[in-house]
Amino acid sequence: MTRCRSCEAHIIWARNQQTERLMPLDAKPVTTGTLLLDPPPRDGREPVLVTSTHPLYAARVGAGEPLYLSHFATCPNAAAHRNTDQLGLFAEKGPSGN
Ligand SMILES: [Zn+2]
């Protein structure tokens with residue numbers, strides 16, 4: 001399991017299809033989450049983010065799929081680094097730089 005380099009929380013990397021970038025999510029789903037993963041997290045697969053603008057989002061939330069939060073929103077150390085390259089903070093394989 002991947003950990004945040006900054007706070008050591010367990011995180012999942014998921015690809016944002018709109019920006020083509022990887023984004024860290026809290027590994028544990030929460031009822032206050034706003035993001036779905038497609039496919040659901042499994043070893044060795046990089047899930048894709050399903051955001052609330054996705055056509056199937058409402059149906060999948062209604063079906064009880066787990067919801068996740070961006071680790072940017074929950075990392076206790078994120079604020080201190082807000083004006084720097086955020087992704088560089090989080091993990092070795094994060095797309096820092098170009
Ligand atoms: Zn963190």
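## The pairing of strands 2 and 3

In this predicted model, strand 2 and strand 3 run antiparallel and are joined by 6 bridges. One of the facing positions involves I11, which stands opposite D26 in strand 3.

The hairpin formed by strand 2 and strand 3 has 4 residues between the strands. In this hairpin, E20 adopts a positive phi near 65°.

## The nonpolar core

The largest nonpolar core consists of 12 residues: C4, I11, A14, M23, L25, L35, L36, L37, L49, V50, Y68 and C75. At least two residues of this core come from each of strand 2 (10-16), strand 3 (21-26), strand 4 (36-38) and strand 5 (48-50). In soluble globular proteins, nonpolar side chains tend to be buried together.

## Contacts of C75

When its neighbours within four places in sequence are set aside, C75 is in contact with C4, S6, C7 and A9.

## The chain as a whole

The chain contains 3 helices and 5 strands. Read from the N terminus on, its elements follow the order β-β-β-β-β-α-α-α.

Of the 98 residues in the chain, 18% are buried. Among contacts between residues at least 6 apart in sequence, 55% join residues at least 24 apart.

Technical notes. Residues numbered from 1 in each chain as written. Predicted model: local features only at pLDDT ≥ 70, side-chain atom pairs only at ≥ 80, totals over all residues. Core = buried A, V, L, I, M, F, W, Y, C linked by C-beta atoms within 7 Å. Buried ≥ 20, exposed ≤ 12 C-beta atoms within 10 Å, placed from the backbone. Contact = placed C-beta atoms within 7 Å. Pairing = 2+ DSSP bridges.
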